[in-house]
Amino acid sequence: MSVKYYDEQKIFKLDSKDTSYVIKIFEGGYPLHLYYGSFIPDVNLTSFEKRHVYASFSAWPEGYEPYTFTPDTYPMEIGCNGGPDMRIASVQIRNADGNAVVDFRYDSHKIYKGKPALPGLPSLHANCDDECETLELCLKDSVTGAICTLIYTVFEKHSAMTRSMVIENASSKSFEIERAMSLCLDMNSMDYDLITLYGRHMQERDLERRPLAHGTQGIGSRRGSSSAAQNPFMALISRGGGEDNGEAYGFNLVYSSNYKGEIEVDYNESARVIMGINYDDFGWTLAPGERFYTPEAVLVYSDEGLGKMSRTFHRLYNDNLIRGEWKNKKRPLLVNNWEGTGMDFDGDKLFVIAKWAKETGIEMFVMDDGWFGKRDDDTSSLGDWQVNEEKLKGGIGSLVSRVKALGLKFGIWYEPEMISPDSNLYRAHPDWAIHVPGRKGSIGRHQYIIDMTRKDVRDYLFGEMSKVLGNNDIDYLKWDFNRNMTEAGSALLPAEKQKEFYHRYILGTYELMDRITSTYPHLLMENCSGGGGRYDPGMMYYSPQIWCSDNTDALSRVDIQFGSSLCYPASVQGAHVSASRRASYETKRNVAMWGSFGYELDPEKISEEARNEIKAQIADYHRHYDLIHYGDLYRIISPWDDPYRCAWEFVDENKSKALLTVLIKFRKESRNFFIRLKGLNADKNYRLEETGEIYSGALLMNAGLSLFDMPNADGYSKTFYFEEV
Ligand code: DGJ
């Protein structure tokens with residue numbers, strides 16, 4: 001059993017693969033957090049519950065002996081606003097009396113097999129009930145009548161768990177939720193470094209590491225999307241810990257809108273981690289009888305540094321986040337016309353690309369932006385999802401049939417959440433653009449955002465998209481989103497509910513994505529947001545792959561792929577070879593093969609030699625598909641450790657195959673160069689395909705592979721494939 005309750009000690013113990021998480025219900029019903037880390041046996045678990053209680057004027061609750069207990073210094077499962085706990089709050093409710101004091105105490109609990117879905121929200125799932133066990137901890141506030149249920153699910157196969165929260169109004173008056181963080185975790189020390197993934201368009205998910213300091217630090221988004229600026233991922237790693245050593249805790253939020261992840265270190269050198277919907281500019285009115293569900297946070301623990309943490313995330317997401325027909329199905333190798341043609345195309349031009357794709361061994365043609373309305377550049381037509389027959393003579397159907405007759409799959413681009421001021425849709429429904437009264441909306445990429453909180457808007461989009469998706473044999477949909485959200489308000493929401501806008505918006509987007517994917521279950525969705533601006537597990541729930549970045553320059557994109565790999569698996573990473581960037585086709589392919597691979601070019605603009613090279617390189621992609629998509633990733637040399645060269649390796653589950661890629665980003669004078677592989681079986685022997693040489697796993701991992709003769713040139717890369725003999 002992975003969730004146990006010891007009634008006498010009022011202890012809950014949640015064990016996943018190699019970890020334990022311990023909760024104690026303290027006198028008076030306070031839910032204390034005792035421990036999270038490597039597995040511990042069920043012996044004397046309360047031995048470390050005591051904490052300093054005298055600290056900076058800490059108050060104790062009524063009924064307690066002076067200086068015996070205070071929620072200010074004890075580790076809590078929930079940080080209640082307005083009471084003695086002065087640390088960063090994880091829940092704040094403004095009640096009908098106008099104050100925001102809340103005090104949640106234990107009421108009851110439920111333990112059951114399996115994992116519940118969260119209504120309207122993406123979440124991880126159990127493939128069968130035996131995979132997971134769930135604890136629901138029901139807490140009550142006696143004054144507001146609020147009931148707060150903390151939901152914990154542990155995964156038996158992975159060192160991972162999820163946590164979310166439901167707030168219910170069991171009183172006779174409405175109250176307003178001002179803060180409802182999915183995660184609240186009190187760490188017993190501050191001896192950690194915080195790792196986050198910051199970035200921007202074309203440079204997403206760059207790793208940043210800083211020691212925890214007293215006070216508050218963290219990440220967040222106010223852009224209406226999870227955004228490229230800060231990915232909703234944080235890790236704490238013990239000081240001195242690294243890729244293969246130290247304790248690493250990873251936190252990831254299954255959510256695609258404004259979020260916050262914060263850590264406050266207090267004067268007792270303890271760190272409180274919270275993560276959830278961004279409480280800035282957020283409020284949710286809960287009428288009597290209503291419930292509010294938070295998104296869920298994913299927690300992964302590793303006792304062997306960041307590498308093991310990442311591999312746990314990868315397996316967990318492949319097994320328990322990605323769903324539907326494409327879950328374990330081989331994704332088609334695609335060509336997308338965006339970097340090749342932009343919006344300057346017609347049906348014949350696209351057909352030329354498709355024909356080349358077929359001859360080359362590519363499996364799917366994707367038509368990107370510019371096929372609808374009168375869209376020849378980015379100043380118009382978003383929302384007019386009717387085909388431009390001047391470009392595509394005979395409509396979409398004609399192009400789809402021609403492409404299908406070649407034996408290729410067909411994919412199409414949409415940006416459903418946007419509306420151009422210059423569009424028939426906007427002229428007919430100006431109030432469908434999100435806006436606030438009396439202010440002109442700011443424009444981003446010449447476009448407004450459409451109001452996804454509105455059902456009529458979602459019905460329109462579903463109807464228009466269905467005319468295309470339902471009447472044509474379309475296999476793939478690229479769902480784009482290309483601006484920050486400003487003047488965020490809806491014409492339909494009453495004034496007191498405008499604070500609900502951002503969350504209602506993303507619930508609306510999720511609802512439309514759900515409708516599309518359940519109506520067209522065979523459709524492979526690839527999410528995109530100016531590259532990887534919504535590269536989050538919320539989107540991965542609907543889209544088993546996400547366009548990682550518009551940066552297709554292999555030499556800098558590789559950094560983005562390293563950063564993304566901290567928590568996201570290769571299988572979700574859309575990665576393409578394009579013509580317009582630095583590096584050889586060999587290197588572009590070696591980098592793009594680390595993901596859901598494709599091309600993004602106009603074959604008529606590249607040399608015959610390049611076309612022949614592309615044809616030859618595709619075979620390797622097929623050969624190594626399973627190893628890359630479902631194998632274990634080992635970061636051998638990371639860009640954050642070495643600016644000149646990097647290396648990564650995939651090893652299959654049986655440790656019988658390994659693919660190592662080494663890339664020289666910038667030439668440095670020649671020197672000895674040994675690559676020590678990881679994750680092999682020390683007792684097995686492996687044959688290097690290229691030379692036929694046999695190496696022991698122990699030699700490869702301890703002495704290393706000598707690369708003294710590897711060409712030392714900017715942008716040179718090479719793959720090394722090993723198989724057990
Ligand atoms: C941004 C995406 O990242 C690109 O791949 C492309 O689809 C453009 N949008 C089209 O406008």
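## Opening question

Which residue in β3 does F12 stand opposite? The residue is I23. The model is predicted.

## The sheet

Four strands make up an open sheet in the order β1-β2-β3-β4. The pairing is antiparallel. β1 and β4 (30–38) are at the edges, each with a single partner strand, so one side of each has no neighbour in the sheet. On average, neighbouring strands are turned by 15 degrees against each other, direction ignored.

## Strand β2 and its burial

β2 spans residues 11–16. Burial covers six of its six residues. In a regular strand, side chains alternate between the two faces of the sheet. Here, both faces of β2 are covered. I11, K13 and D15 lie on one side, and all are buried. F12, L14 and S16 lie on the other, and these are buried too.

## Pairing with β1

Strand β1 covers residues 3–6. Four bridges join β1 to β2, and the two run antiparallel. Within this pairing, V3 has L14 of β2 as its bridge partner.

The two strands form a hairpin, with four residues between them. K10 sits in the turn and has a positive phi of about 55 degrees.

## Pairing with β3

Strand β3 runs over residues 19–26. It pairs with β2 over six bridges, again in the antiparallel sense. S16 has T19 of β3 as its bridge partner, and F12 stands opposite I23.

β2 and β3 also form a hairpin. Two residues lie between these strands.

Methods:
Residues are numbered from 1 along each chain as its sequence is written. This is a predicted model: local features need pLDDT of at least 70, side-chain atom pairs count only at pLDDT 80 or more; totals for chains, interfaces and linings use all residues. Side-chain values use heavy atoms; hydrogens and water are left out. Buried means under 20% relative accessible area, exposed over 50%, partly exposed in between (1.4 Å probe, protein chains only). Two strands pair if DSSP finds at least two bridges between them. Axes are lines fitted to C-alpha atoms, for helices over the stretch in contact, and angles run from 0 to 180 degrees between N-to-C directions.
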